[in-house]
Amino acid sequence: MIKYAINYIRYKLGLSPDMEFVADQLRKPSGFFGPKITRHMAGANLKLFEFTLKCMRPEPGDRILEIGFGNGDHFERIMNQAPGIKLIALDHSKYLIDQVKDKHRSLINQHGIEIITGTSERIPLPDNSVDKVFCNNVIYFWENPDEHLQEIKRVLKPGGTFCSGYRTATSMKRLPFTGTGFILYEKESWEKILRQAHFSVDSTESFLEYRKIGKENSIELESVCTIARTD
Ligand SMILES: C[S@@+](CC[C@H](N)C(=O)[O-])C[C@H]1O[C@@H](n2cnc3c(N)ncnc32)[C@H](O)[C@@H]1O
């Protein structure tokens with residue numbers, strides 16, 4: 001609460017927020033800063049979202065679970081991938097759930113999108129109930145990744161796909177807010193975690209993006225999607 005107030009005052013004075021606070025908001029957006037941070041994320045992460053979607057190859061009638069959806073501006077693109085897609089969107093930020101339900105009311109009603117509050121450590125869905133799971137920029141916040149991966153395996157149908165989108169540790173370390181609160185992976189280290197959780201890894205695809213941070217020169221980010229499968 002105090003941290004929130006201090007950063008609110010900093011914002012009003014035109015000062016930049018402290019980076020630990022930014023990391024907290026990226027992990028779980030809330031309150032006054034919620035809309036700002038999620039709007040920023042939606043723009044900054046759009047290419048990675050499109051890439052992950054392409055890697056996931058949605059098919060007609062797929063039941064797809066997204067973990068950690070930000071502001072939901074991309075929902076329509078998911079629904080347009082193939083006819084009969086059923087989207088279930090899970091996030092642990094009650095703030096985001098309310099915001100997204102309000103902002104995308106007609107799309108949610110039109111397509112029967114399910115927006116659910118909860119954490120990927122305990123996914124509130126039955127066993128073997130979805131064809132595909134994806135998340136972008138969420139794995140950094142999993143203190144014990146295996147707990148989340150076992151839950152993802154549980155809700156996936158046999159042979160189901162899990163696509164995880166993220167940026168490599170080398171890239172993330174170039175960003176000013178990843179010093180605390182982020183667990184970072186290179187492609188190989190994330191694949192290893194998936195295999196230890198008994199996923200089979202189909203492939204890891206990546207592309208380069210360039211981001212301007214303040215007055216600094218643009219930095220290079222390697223954006224990645226690892227495609228894994230349950231047996
Ligand atoms: C950094 S944001 C990424 C948002 C969006 N996917 C993107 O790439 O722009 C992380 C999102 O995941 C959510 N989140 C983080 N950990 C989560 C968890 N364990 N279970 C469910 N949602 C989680 C946050 O509330 C937030 O919406």
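Me: Which strands does helix α6 lie across?
Reply: Helix α6 (residues 94-103) lies across β2 and β3, and runs at about 160° to β3. Contact here means C-beta atoms, placed from the backbone, within 7 Å. Axes are lines fitted to C-alpha atoms, for helices over the stretch in contact, with angles from 0 to 180 degrees between N-to-C directions. Helices (H or I, at least four residues) and strands (E, at least two) are DSSP runs, numbered from the N terminus.

Me: Good. What should I know about the model and numbering?
Reply: Residues are numbered from 1 along each chain as its sequence is written. The model is predicted: local features need pLDDT of at least 70, side-chain atom pairs count only at pLDDT 80 or more, and totals for chains, interfaces and linings use all residues.

Me: What's the strand order in the sheet?
Reply: The open sheet of 7 strands runs β3-β2-β1-β4-β5-β7-β6, with mixed pairing; strands pair if DSSP finds at least two bridges between them.

Me: And which strands stand at the edges?
Reply: β3 (114-117) and β6 (200-212) do, each with a single partner strand, so one side of each has no neighbour in the sheet. The twist averages 15° from one strand to the next.

Me: How do β4 and β5 pair?
Reply: β4 (residues 130-136) and β5 (residues 156-167) are parallel, over 6 bridges. Asn136 sits opposite Gly165 in β5.

Me: Switching to the ligand: how many residues surround it?
Reply: There are 21, and the closest include Met41 and Asn136. A residue counts as near if its C-beta atom, placed from the backbone, lies within 6 Å.

Conventions
Contact = placed C-beta atoms within 7 Å.
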